[in-house]
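Good morning, colleagues. Please look at the sequence and the structure on the screen while I describe how some of the parts are arranged.

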Amino acid sequence: MIKSTIYSVALGTIILGSGAIATPVTNSTLTPTPSSVSNSTVKIAASKVDTAALEEEVFKQINDYRVSQGLKKLTRNSAIDNQARIHSQDMAQGKVPAGHTGFRERVMAVGIPYSLAGENVATNYGYSDPVTTAVQGWLKSPAHLATIRGNFETTGIGVAVSNNSRGEIFFTQLFFTPTKTSATTPAKTSATTPATNSTSTPPSSNVSNNTGNLAGSKIDTAALEKAVFKQINDYRVSQGFKKLTRNTAIDNQARIHSQDMAQGKVPFGHTGFSERIKAVGIPYSSAGENVASNYGYSDPVTTAVQGWLKSPGHLANIRGDYDKTGIGVVSNSRGEIYFTQLFFR
């Protein structure tokens with residue numbers, strides 16, 4: 001059973017983030033997101049912002065887009081709304097940075113059995129129409145758009161305003177695909193980003209749960225890395241893309257991140273992504289990252305890679321215009337296996 005996560009980050013006056021469990025992050029030199037809306041528009045005071053109305057407008061605009069593309073409307077769920085609001089409030093109050101910190105915990109706290117979950121976040125200030133600014137930013141970003149167009153059924157939206165003089169407005173939209181039954185077999189994977197992770201009963205899997213947990217000490221992580229490299233390149237070649245070459249400096253940063261996740265030093269996801277790509281020390285024009293985690297599978301690599309291939313955001317990284325990659329696989333004492341693949345051009 002795979003649960004999956006998607007992340008993408010762009011920095012500037014408008015800050016956007018996209019997350020889903022089984023996770024990609026895409027970054028092209030972290031340049032500010034352009035906007036056609038002038039910053040000379042009057043700033044909106046926090047006390048005058050009707051956040052409930054803004055949430056309704058986000059819901060409307062996202063569903064209007066989905067309907068225009070022949071996709072089903074999302075339904076809104078109050079439990080998901082609640083977790084989205086908490087995250088927007090935490091960002092607005094500076095408790096967490098703008099992004100996806102705590103994404104996995106949010107998804108778990110919703111308490112809905114699910115097979116897929118995703119998240120888009122944004123923040124802006126000084127716009128006369130902050131909702132359209134945020135939504136149009138998402139629609140112009142391939143990773144955010146992939147989440148909006150994803151095979152989700154229900155959503156929750158939270159909007160909060162900072163108390164500083166700028167009156168920054170923070171948006172969080174969570175997306176869920178609930179499982180069809182609550183009687184499914186317990187999961188042995190937490191995929192991403194985001195990806196992915198719920199206290200509720202996880203979705204069923206076509207991989208037997210009798211495979212047993214793999215002890216960390218018995219796992220040949222170097223062999224798993226090679227298998228990831230092969231499967232990703234086999235897919236690229238099958239689709240007419242050039243093979244990636246593997247780079248030891250990129251491998252090293254990917255392994256450090258997988259190790260940090262495995263040891264609980266950082267949450268599952270893309271914490272430190274921008275620092276990782278800088279630490280590689282290679283000039284680049286674009287960089288991306290997919291992460292995954294699972295345990296108890298007889299073929300953990302195929303489980304992770306197939307999860308990525310079935311997720312539009314992760315697939316966009318795999319099919320991206322990259323030429324170099326690095327892969328890091330680490331397991332912990334519980335037998336959980338963490339995968340990080342970095343992509344560079």
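**Strands and helices in a predicted model**

A117 stands opposite F176 in strand β7. Please keep in mind that this is a predicted model. Strand β5 covers residues 114–124, and strand β7 covers residues 169–178. The two strands pair in the antiparallel sense, over 10 bridges. A further example of facing residues is Y114, which is found opposite P178 in β7.

How many residues of β5 are buried? The number is 9 of its 11 residues, and the strand is therefore described as mostly covered. For β7, 9 of the 10 residues are buried, so this strand is largely enclosed by the rest of the structure. Buried here means a relative accessible area under 20%.

Strand β7 also pairs with strand β6, residues 154–161. These two strands run antiparallel and are joined by 8 bridges. Within this pairing, I157 has Q173 of β7 as its bridge partner.

Let me now turn to the helices. Helix α6 spans residues 221–238, and helix α9 spans residues 300–309. Their axes come within 9 Å and cross at roughly 35 degrees. This crossing is right-handed. On the α6 side, the contact is made by L224, A227, V228, Q231, I232 and Y235. On the α9 side, the residues are P300, V301, T302, V305, W308 and L309. Which classes of residue make up this contact? There are 10 nonpolar residues, 2 polar residues and no charged ones.

Helix α6 also holds A222. With a relative accessible area of 40%, A222 is partly exposed.

The crossing of α7 past α8 is right-handed. In this contact, A249, I250, Q253 and H257 of α7 meet R276, A279 and V280 of α8. By class, the contact of α7 with α8 contains 4 nonpolar, 2 polar and 1 charged residue.

Leaving aside residues up to four places away in sequence, D251 touches R246, T325, G326 and I327.

Finally, I would like to show a loop residue. Where does Q69 lie? Q69 is in the loop between α1, residues 51–68, and β4, residues 75–76. At 39% relative accessibility, Q69 counts as partly exposed. Q69 and R149 are 80 residues apart in sequence, and their C-alpha atoms are 8.5 Å apart in space.

Definitions and conventions: Residues numbered from 1 in each chain as written. Predicted model: local features only at pLDDT ≥ 70, side-chain atom pairs only at ≥ 80, totals over all residues. Heavy atoms only, no water. Left-handed = near helix turned anticlockwise from the far one by under 90°. Helix = DSSP H or I, 4+ residues; strand = E, 2+ residues; numbered from the N terminus. Contact = heavy atoms within 4.5 Å. Nonpolar A, V, L, I, M, F, W, Y, C, P; charged D, E, K, R; others polar. Buried < 20%, exposed > 50% of the residue type's maximum accessible area, 1.4 Å probe, protein only. Pairing = 2+ DSSP bridges. Axes fitted to C-alpha atoms, helices over the stretch in contact; angles between N-to-C directions.
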